[in-house]
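Dear colleague,

Here is the structure I promised to pass on. My notes follow below.

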Amino acid sequence: MDERPRGTAADPQEELAARLRGLQELSGLGVRALARDAGLSSSSLSRYLGGQTVPPWPAVVALCRLVKRDPRPLRPLWDRCSNPLPAPPKASRQVQPRPRNDLPRDVPDFTGREAPLAAVLAAVDSHRVVALDGMAGVGKTSLAVHAAHRLAEQFPDAQLYVDLHGFTEGQEPLSADSALRMLLGALDVPSERVPQEGLEQLAACWRSELAGRRAVVVLDNAVDAEQVRPLLPGAGPSVALVTSRNRLLGLDEVPPVSLDVLSPEESAELLARASGDPTGPEGRLARDPESAAEVLRLCGHLPLALRLAAARLRHRPGWTVGILAERLSQGTGEVDAALAMSVRQLDRGQARLFRMLGILPGPSFDEYVVAAVADVPVRTARIILEDLLDAHLVQQPTVGRYRLHDLVRGHARQTGAEQDAPADRERALRRMLDFYVHATAAADAALAALSPSRPPSAGRPPAELPPFADKNQALAWLVAEYENLIGVFETAAAIGADTHVCELPRFMRAYFARRCGTTHLNYLFERSLDAARRLDDPLHEAEAQSDLGFARYNAGRMAEAVAAYEAAEPRLSQAGATRGQAELAMRRGYLTWDQGYAEEPLEFFRLAGRSYEAAGCPTGAAHASASEAWALLQLGQREEAARLARGVLDIPTADPAWPPTFTARITLGVAVADDEPAQAVEHLQQALDLARSDGHMNNEAWCLNCLGVALRRMGRYDEALARHREAFALLDKLFEEHWKVRFLNGYAETCRLAGLTDEARRLYAHALAKAPELGYRHEEAQAHEGLAVLLDASDPAAAAEHREAARALVHELMPSAV
């Protein structure tokens, strides 16, 4: 395409708008005609052309097709404008990710509030926390978000926002525990560093993370002081802005700012700006000041009501202010009147879709779930949502995401209950549950973590699902939808949709592995198992037992994991679930390896490989083969380990970070370190680069440690020590003690050969202290053997004791080796 005008600004959104204006010029059409031919609303198209909103990709395609231009060259520019979650950096860790900014869009026509805004900023300066209170619709959130945007430059490390749902109809207030986990996740705190239990421990972790950052946090819609207190920053420069309909009297140390309705002058200014009424005597408001004053009175000088009324006036050029006042007078209260008037202006399809929005479970949503719930095409849902956005009935905090003010949500629920048949609402609710199970399954498949899950059987798949071109898009969708997914799970459990309760957590496993701790995962699978038992479905019950066992294993609850696996095995066999049996064998291999056994894991990995092949799952078979190669390497069978690893690397895959390839590359790098040092370093460096580009710090530490081992075998001790130290520096950040135990003996051996005898003794002793505590008996045996070698010359008796202890452990764990 060559439609880019000269002099386009560097800002991607403005550049895209300029390119779209070039398309309009080629069409020779006005905005209304172009919108009609492209199937868009004229107001939406105006925002796209003006750079106020990023259009959805189908709208860009439609505009290009009208002028017979290929849309594909515009896709990279559109991606830069619309992607809410940047892809992980592709180079080294020195490439810093952009600071997290979750703030909703600042209101472009923010009006008045000079004194409250000054009070908020002064309270932040003096106390670092401020609490805004006031009635519903008075503009607390708008003021808090506006102030946070003003403060963003002073607090560049993060700008966070969380809706605490203190007064959201049909939704319980967010617990402090859940809010803290969301906030820690927003700061990208690894799940391993997040305490699994205890509100005090979570709050301490949150305060610790904030202490080293300059962040501004908006805690919106709090129900009371108890909900907020654990979320407040402690030492350090970070600040928090809290909003609530109640005065938070329990926060004695926090200065309050109480909001009243707007003054008559501020109300008039907001109505004029939001309605697009020209200033001066030619404006409609100026021509009829009595009716304008009546509109302000009927809106109660509330910003929410004024914006709703202004939207009607803006989109009704034939209306006088008197007509607006007359329509408003038909309502019962300020906000009810404005909402009812806005809804009355909708056509039948728009009004029906608006009522359906009250069914949605979470704070924000996209056009795909709206299309599923309303049973309309996505294109239709998108157009209606744009119309509702113009009417101020929905908000758009980020591109592609919409949200409802609590009062608007309540109105949608109420009118839906009054006007829609219960059977219709029940069907819409079921369509929502179906959508989320099938969309989550599609996202899980795009993550391509290990072996694909069994396709969902709950309900019917929707006509259209969100497109997941790669794992980054899938992960971005799961991050955005996490609260909704938990809400859907609870809704399904409440109405007895047990198949949905069984299946939804299964498709969230890969997401939990990357972004969440284990507490919620254990909770979900406990409920999933209960639902499977109610269904009396052997396969669902077997899968739930296996998944619960893996959640227990990840939480370090080994005995419970063993019990769950043992319960799952006969049920999977009874159901003939070959793939489920393969997955269980892999999990039992991990468990027995961590327990210190060596031969059992090999048998489990080999069994998994055969089962995956029988199930026609080459991805799973490759993963089993890679795990077998790694286990063989730990047993000293380097040639066989290298052979298996090369076989995995020969399997073609589009994703270089594919887990089997990743594991095989590390295994091969260590296996050939003695004979092919250059290739070993190349394999391990490639694995390290992949781990860093994927943002997986655990895998990065693993690669660094293995690189240290390989470099030590080459006699490059200084480089080896540097890699080990990097690995342990990462693990210190992650609080990963059990990973440290896996690496301590290798690090100690490098120190011993490098002549750092005291450091080697300290590391072996540390391994010997921690390994029994965590149940890592193989590492315990290696620590005994390492200390025996160290003490041979200085204390033969002690060396003999350590060697005997190592021999006894090896005999227990691997009888055939003794």
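Buried means under 20% relative accessible area, exposed means over 50%, and partly exposed lies in between (1.4 Å probe, protein chains only). At 11% relative accessibility, Asp420 therefore counts as buried.

First, the ground rules. This is a predicted model, in which local features need pLDDT of at least 70, side-chain atom pairs count only at pLDDT 80 or more, and totals for chains, interfaces and linings use all residues. Residues are numbered from 1 along each chain as its sequence is written, and side-chain values use heavy atoms, with hydrogens and water left out.

Back to Asp420. This residue sits in the loop between helix 20 (406-419) and helix 21. Helices (H or I, at least four residues) and strands (E, at least two) are DSSP runs, numbered from the N terminus. The Asp420 side chain makes a polar contact with the side chain of Arg355, at 2.9 Å. A polar contact is a pair of N or O atoms within 3.5 Å; within protein, one must be able to donate a hydrogen and the other to accept it, and residues adjacent in sequence count only if both atoms are side-chain atoms. Neighbours within four places in sequence aside, Asp420 is in contact (heavy atoms within 4.5 Å) with Arg355, Thr415 and Arg425.

Now the cores. A nonpolar core is a set of buried Ala, Val, Leu, Ile, Met, Phe, Trp, Tyr and Cys residues joined through side-chain atoms within 4.5 Å. The largest has 73 residues, and Leu357, Leu393 and Met432 touch the most other members. Helix 21 (residues 422-447) gives the most to this core: eleven residues. Not counting residues up to four places away in sequence, Met432 touches Ile359, Leu360, Pro361, Val369, Val373 and Val488. Another core, of 66 residues, lies apart from it; Phe605, Ala608, Cys617 and Phe743 are among its members.

Next, the strands. Two strands pair if DSSP finds at least two bridges between them. Strand 2 (residues 129-133) has five of its five residues buried. Val129, Ala131 and Asp133 lie on one side, Val130 and Leu132 on the other. Strand 2 runs parallel to strand 5 (residues 239-244), joined by five bridges. Val129 stands opposite Ala240 there. Three bridges pair strand 2 with strand 6 (residues 256-258), also in the parallel sense. Here Ala131 faces Pro256.

Best wishes
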